[in-house]
There are 2 protein chains.
Amino acid sequence: MRPTEVTLVEVGPRDGLQNEAQPVSAAHKIELVHRLQAAGCREIEVTSFVSPKWVPQMADNTEVLAGLARQPGVRYSVLTPNMKGLEAALPTQVHEVVVFGAASEAFSQKNINCSIEESIERFRPVVAAAHAAGLKVRAAISCALGCPYQGEVSPDEVERVVLLMKAIGVDHCGVADTIGVGTPRKVQAALERALKHYPLAEVSGHFHDTYGQALANILASLELGVHVFDTSIAGLGGCPYAKGATGNVATEDVVYMLQGMGIATGHDLDALVDAGAYISEVLGRPSASRAGKALLTRRQRVATAAGAAA
Amino acid sequence: MRPTEVTLVEVGPRDGLQNEAQPVSAAHKIELVHRLQAAGCREIEVTSFVSPKWVPQMADNTEVLAGLARQPGVRYSVLTPNMKGLEAALPTQVHEVVVFGAASEAFSQKNINCSIEESIERFRPVVAAAHAAGLKVRAAISCALGCPYQGEVSPDEVERVVLLMKAIGVDHCGVADTIGVGTPRKVQAALERALKHYPLAEVSGHFHDTYGQALANILASLELGVHVFDTSIAGLGGCPYAKGATGNVATEDVVYMLQGMGIATGHDLDALVDAGAYISEVLGRPSASRAGKALLTRRQRVATAAGAAA
């Protein structure tokens, strides 16, 4: 049942950097994407088309996309939560757009002041326009494993959003543990609801590592045959030193596990570790990837030993 | 197949503190053990009986054991790598002693300058004397998933040590990923070799989180029915800020996962988080437990909200 190949969607440049306190220049973002695609990332979520009033970190979206030396075979995606965002994104020639809705009614009300149903209905014209332009539409179901306001979120609540996303024509359904509280069986229960309505290749997992559970949750997802996951280079999306860090699972940690299990991802782990070290240096802080840090340390030790022997 | 109950052996006071750079006083160690047993730890590896020349951090072994207010139902164990250590440990009234041998010939030669077979043969009188005194003997097979000198370690090499341990009468066999390089399938392959020669209840996993793989490896072990694991409060055993940190998997992270899966461990997670915060403060550094940090942050947020509402 376990897949032999896994597709990782690299969300570091978007979901990662959007949630870092420190601003990063467009030039550094472009360099990061270049390093990621050189390291074998084949799907990259590059930026967001949202109001710069709300997300100033992504105000340089068109600049970043225009500056990319695109690599054949790599799919680039962007977040477009409304028609204005989609219209701005269309000329930039991306392959996919991403919309998102919460599985928690409390979260929806608190954050966007409307019901889940209303929030998803607003994406209907976005999905239609994206399809008309030949773009694939991915949805992220946020708070699918828990909510900071209501606490537990049930599989029924997840399935309700899955059905709403399907009703507006979304092509791919991501189950997102936004606050990282999920554990393996609960993750399986949530994914099973998405799998009732979407084919295996169109269901993905998006796990934050806040409680250290992300790799275990990916392993549990593999057991269901799920083989698409969002990951973030260097665990971008929450400083490891900040209280309540809520970073995404680190790409390096996931690739290390999958390669160790004989599951192909297409990545060059050494090059990924370099890309993680690069963006960590730009941010002026250590990587949140345990495998990334361990592999860098091992490499330095080998270099020191070689130097001593020379 | 998955167990409904799991036994965690708390190794923070021994394997954890032994590998921390900073010395901790006997009084702080005693307080830590008291907090751990109050939080539901039922098996605690307290200290080592090794030469203080080699491990000065454990030179206070008899002082710590003498200072414990022992709790009925809690089993206390100590590391006794030779007869001198065992003889010193016997009057302290522990329940179990621990010996260890590497699965890697290169590691054995480099570290103790003898073959694996010789190293384990030396434990024969220790095991006999421990049994004569009514103590259970656990063995840890170190470097079972990889070695800093030889790299890969095969399941055959693990099985060889399992058989040597069995031959000298060891009661329980722990498969230890000392440098944290293991991934789920490799962990299962190593455990399966131990399970060929020891019953399910007498095989355990000991995973370091150096590459972030420990929880996934525990999940993979549960699939085999393995239900005993070593864990370390606050991930003691490697400062999270040091290069090449090699801490044990954090007890809090494991308990969070198991409780989320409906698997009983007997722990009070809140009290564990407090015990982890206590020893982290003693060491003057943040906890290496992600769940520990996240739960503390959540608690502070709730307290702040309650204060604002009052």
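Modeller: Helices (H or I, at least four residues) and strands (E, at least two) are DSSP runs, numbered from the N terminus. Here, A:Asn217 lies in helix H10 of chain A. This is a predicted model, in which local features need pLDDT of at least 70, side-chain atom pairs count only at pLDDT 80 or more, and totals for chains, interfaces and linings use all residues. Residues are numbered from 1 along each chain as its sequence is written, chains are lettered from A and ligands numbered from 1 in the order in which they are written, and side-chain values use heavy atoms, with hydrogens and water left out.

Colleague: Is A:Asn217 buried or exposed?

Modeller: Buried means under 20% relative accessible area, exposed over 50%, and partly exposed in between (1.4 Å probe, protein chains only). A:Asn217 counts as buried because its relative accessibility is 1%.

Colleague: Which residues is A:Asn217 in contact with, leaving aside its neighbours within four places in sequence?

Modeller: Contact means heavy atoms within 4.5 Å. With those neighbours left aside, the partners of A:Asn217 are A:Asp177, A:Gly182, A:Thr183, A:Pro184, A:Val187 and A:Phe207.

Colleague: How many residues does each chain bring to the contact between chain A and chain B?

Modeller: Chain A gives 34 residues and chain B gives 34 residues. Buried area is the accessible area (1.4 Å probe) that two parts lose on being put together, summed over both. Between chain A and chain B this is about 3200 Å², with 50% of it from carbon and sulfur atoms. On the chain A side, A:Arg185, A:Tyr211 and A:Arg290 lose the most area to chain B, together 24% of what that side buries.

Colleague: How many salt bridges are there between chain A and chain B?

Modeller: A salt bridge is a side-chain nitrogen of Lys or Arg within 4 Å of a carboxyl oxygen of Asp or Glu. There are four salt bridges between the two chains. One salt bridge joins the side chains of A:Arg290 and B:Asp209 (2.5 Å, N to O).

Colleague: Which helices of chain A take part?

Modeller: Helices H9 (184-195), H10 (214-223), H11 (251-260) and H13 (290-309) of chain A each give two or more residues to the side that touches chain B. The largest share, eight residues, comes from H13(A).
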